[in-house]
Number of protein chains: 2
Amino acid sequence: MNEIARGTIERLIAVVGPQGAITDPDDMAPYLVEWRDKWRGKSALVLRPSSTAEVAEIVRICAETGTAIVPQGGNTGLVGGSIPFEGGDEIVLSLGRMNRVRAVDPLNDTITVEAGCVLADVQAAADEAGRLFPMRIASEGTCQIGGNLSTNAGGTAVLRYGNMRDLVLGLEVVLPDGRVWNGLRGLRKDNTGYDLKHLFIGAEGTLGVITAAVLKLYPRPADRQVAFAAIPNPEAAVELLSLAKDVSGGQVTGFEILPRLGLELVMKSLPDARDPFGDLHPWYVLIEMSSGEGGGALREAMETALARGYEKELVADATIAESEAQAQQLWALREGLSESQKLAGGSIKHDVSIPVPKMPAFIARADRALEEVIPGFRSLAFGHIGDGNVHYNPLQPEGADAEAYLARWQEVADVVHGIVHEMGGSISAEHGLGRLKRDEVRRYKSEVELELMASIKRMLDPDNIMNPGKVISP
Amino acid sequence: MNEIARGTIERLIAVVGPQGAITDPDDMAPYLVEWRDKWRGKSALVLRPSSTAEVAEIVRICAETGTAIVPQGGNTGLVGGSIPFEGGDEIVLSLGRMNRVRAVDPLNDTITVEAGCVLADVQAAADEAGRLFPMRIASEGTCQIGGNLSTNAGGTAVLRYGNMRDLVLGLEVVLPDGRVWNGLRGLRKDNTGYDLKHLFIGAEGTLGVITAAVLKLYPRPADRQVAFAAIPNPEAAVELLSLAKDVSGGQVTGFEILPRLGLELVMKSLPDARDPFGDLHPWYVLIEMSSGEGGGALREAMETALARGYEKELVADATIAESEAQAQQLWALREGLSESQKLAGGSIKHDVSIPVPKMPAFIARADRALEEVIPGFRSLAFGHIGDGNVHYNPLQPEGADAEAYLARWQEVADVVHGIVHEMGGSISAEHGLGRLKRDEVRRYKSEVELELMASIKRMLDPDNIMNPGKVISP
């Protein structure tokens with residue numbers, strides 16, 4: 001592509017006014033880099049519109065002039081989906097100023113929010129109305145609803161409430177030609193034709209710009225029980241999950257696994273983190289149950305699940321949080337892990353899903369296969385095993401050179417993703433494709449599926465101006 | 001269109017063999033009529049394939065010869081979506097022989113079934129594996145999974161488990177050119193591109209033929225509480241719903257409303273049905289809560305909800321089922337209503353949804369507006385008010401001529417749907433568009449939305465052979 005014409009830039013700035021446009025390189029910098037510094041892009045212009053009408057006008061001008069648009073929310077993504085390429089011929093469309101809660105309707109259990117609302121603010125607005133918005137992810141203080149929608153965010157409450165996709169009743173979207181589709185319906189049931197909203201959810205900004213959404217609210221749980229259990233192996237986690245679901249009748253809201261190495265890394269990096277147990281154990285699970293009913297039944301369910309797990313030798317030791325503070329401490333042992341990995345040198349990250357019962361076999365197979373490739377690597381598989389989703393992030397061998405290790409990223413990914421594919425899994429469970437996995441995914445999807453995706457892209461965005469080069473290969 | 005060529009018919013029969021083809025007019029008859037006898041179609045051929053490969057071959061031949069296909073499941077639809085038109089130039093593709101449960105995986109909480117499986121058989125297969133498949137609709141003994149998927153079925157457990165769309169992890173679909181898309185993934189999380197399955201769910205067979213699906217299973221509830229309450233008006237139902245959700249922490253699985261007239265009709269038609277109360281009341285709600293926890297907490301929640309409702313004058317009288325048999329008797333008062341309406345003469349049916357809190361205002365407005373049009377008509381609004389979905393089925397005035405009343409169907413529908421649209425609702429909450437509402441919906445959808453739908457249809461089925469004339473106007 002060519003540089004954006006001066007006249008186009010001026011027309012775009014005129015739409016949002018000076019307070020909505022950034023052209024100074026220093027001010028633009030934070031919009032052009034992925035937070036882990038994996039990608040740095042270039043752009044002549046960052047636009048920060050304040051209304052759907054402004055977004056529509058911007059997209060119209062871009063459609064007319066063939067200017068590429070990179071929509072951006074809180075810029076907390078992990079696959080380069082919200083960063084422009086290096087050519088400088090794309091504009092960044094940052095939705096952060098569109099951060100109004102348009103309506104809260106507790107009797108309808110809905111909240112209508114603009115794309116730029118920070119997730120934590122939506123959680124707070126729901127809470128204020130006596131309701132729960134259940135999406136819960138590590139970046140919730142920064143990430144925005146539009147990004148959550150465009151990437152179909154996952155997180156630690158999927159087991160009970162589903163992914164972002166499952167929390168949406170309606171959308172407002174600016175299409176690639178600048179028209180606005182107002183699908184902001186707050187209905188639980190509507191069978192009047194094709195479901196359009198699911199096309200845009202998870203499309204990573206390649207089919208249009210989501211500007212607002214009607215989201216589902218839930219009753220706030222009256223009771224929450226959090227336990228941390230030492231287990232002999234991942235197989236025990238799968239059985240314990242099933243047992244916990246049965247005993248509690250589906251009240252399990254979180255079920256996370258981590259290995260000993262993970263716990264050790266967290267303890268090194270978080271000053272307050274302590275090993276809950278006196279002995280060393282190879283694996284751990286964090287179990288969260290929550291319920292609308294108070295009165296001790298949930299505590300009983302957790303105790304029963306752990307006691308039966310102990311009888312069946314699925315559990316070696318366990319502790320149940322006695323207070324909200326303790327519950328948070330136990331969660332910190334899991335949540336601290338994303339950051340703590342840095343202490344161990346290079347780690348090669350995979351965000352994969354597998355049918356739950358096959359997860360232990362996957363971890364074992366991947367470990368064996370990688371040992372062949374990189375002897376002495378350290379296995380680190382952790383995360384949402386309750387959803388069949390782990391972050392399989394093998395660490396460099398102790399004392400090895402991080403850069404040399406990371407240079408073998410694709411070689412390692414090929415091994416891991418090959419096994420994932422063979423076992424019926426997904427090479428991107430929750431992070432999306434962006435530019436990181438755009439080409440790689442082609443090896444694992446059928447021709448039919450790739451062609452369907454390309455047809456959808458061509459249908460909605462024939463000139464390829466919406467986040468080009470992401471998700472779909474050019 | 002023209003009659004189907006003899007040669008094409010012979011080729012199609014050769015695919016399935018004689019046991020899979022019906023050409024005798026008497027044998028074809030049940031496939032050509034809607035069960036309420038609202039539509040009767042014509043066809044030269046009913047095909048009953050036994051495998052996905054056979055479906056694919058049939059569709060390939062139809063694509064090559066420009067032959068239109070009407071996919072059909074249990075043929076329990078209400079909008080004419082599964083009945084061919086009167087021209088005789090379409091074939092019926094009945095999926096009933098594809099009724100294998102391909103896999104049950106209780107540890108993954110999934111079941112993989114073919115499109116022709118009867119819903120009740122899927123429920124039973126889940127139950128046998130110690131799990132719940134929660135879809136529950138009146139036609140469950142006859143309707144098939146493929147039809148449930150293609151119409152995004154609703155029913156009486158949507159409040160807790162969602163519509164059919166929400167119960168699906170993966171699909172297998174024969175596309176309009178005969179290619180097979182194998183999207184039979186059993187993953188809770190998969191963010192590797194556009195979501196294709198939601199395109200086909202609810203598309204009423206106009207975008208392809210769903211041949212199999214991976215469905216979600218849930219823990220079987222350990223406890224179920226069913227209550228029947230007399231209430232002063234629909235406003236009380238909305239408040240009581242919110243109260244019941246809060247008190248039980250979201251354990252409400254069913255919340256159905258019916259007016260006095262509805263109860264009377266049921267008592268007339270079902271010999272065993274009795275009024276649970278000594279006094280007459282204008283409205284009733286049936287409340288069902290279910291929970292994985294046993295031990296009395298749910299009973300307590302139900303009692304608390306009703307007691308608080310009584311204090312707030314939302315509840316005039318109430319009874320809680322003391323046994324499973326009693327629970328079924330209470331449900332029969334609600335479920336008998338669909339059939340009982342026939343006793344009252346002509347009824348004009350509307351399957352509408354409205355945001356829950358606006359439902360009482362909708363019923364009042366529609367009642368007032370219809371009284372202007374047909375003085376003396378009898379209001380009958382009942383159903384899934386917990387989902388914001390009622391069947392608003394005004395009955396003919398007492399003693400009036402049924403045929404003359406039904407002749408005014410569209411006039412009445414225009415009034416009712418006009419109000420629904422103004423209040424942000426849907427003119428088809430769960431039944432779909434089929435041919436009944438195909439044209440009418442155009443008045444209520446935006447140009448943008450209609451164009452998006454038409455683009456999707458053109459993209460996937462450019463020759464318009466998949467259930468032509470349904471959902472999308474020709």
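Predicted model: local features only at pLDDT ≥ 70, side-chain atom pairs only at ≥ 80, totals over all residues.
Student: Why is B:Ser426 called buried?

Tutor: Its relative accessible area is 2%. Buried means under 20%, so B:Ser426 with its 2% is buried.

Student: Where is B:Ser426 in chain B?

Tutor: B:Ser426 is in the loop between helix H15 (409–422) and helix H16 (447–460).

Student: What makes the pair B:Ser426 and B:Ser428 a polar contact?

Tutor: A polar atom of the B:Ser426 side chain lies 3.1 Å from the backbone oxygen of B:Ser428. The cut-off is a pair of N or O atoms within 3.5 Å, and 3.1 Å is within it.

Student: Which residues of chain A is B:Ser426 in contact with?

Tutor: Leaving aside neighbours within four places in sequence, the contacts of B:Ser426 include A:Leu187, A:Lys189, A:Asp190, A:Asn191 and A:Thr192. Among the others are B:Asp351 and B:Val420.

Student: Why is strand E14 (residues 283–291) of chain A called largely enclosed by the rest of the structure?

Tutor: Because 9 of its 9 residues are buried.

Student: How do you know that both faces of E14(A) are covered?

Tutor: In a regular strand the side chains alternate between the two faces of the sheet. On one side of E14(A), A:Trp283, A:Val285, A:Ile287, A:Met289 and A:Ser291 are buried; on the other, A:Tyr284, A:Leu286, A:Glu288 and A:Ser290 are buried too.

Student: How do you know that strand E12 (residues 223–231) of chain A pairs with E14(A)?

Tutor: Pairing needs at least two bridges, and E12 and E14(A) have 9, in the antiparallel sense. In one of these, A:Ala227 stands opposite A:Ile287.

Student: What joins strand E13 (residues 252–259) of chain A to E14(A)?

Tutor: 7 bridges join them, and the two strands run antiparallel. A:Leu258 has A:Tyr284 as its bridge partner in E14(A).

Methods
Residues numbered from 1 in each chain as written. Chains lettered and ligands numbered in written order. Heavy atoms only, no water. Helix = DSSP H or I, 4+ residues; strand = E, 2+ residues; numbered from the N terminus. Buried < 20%, exposed > 50% of the residue type's maximum accessible area, 1.4 Å probe, protein only. Polar contact = N/O pair within 3.5 Å; in protein donor to acceptor, adjacent residues only side chain to side chain. Contact = heavy atoms within 4.5 Å.
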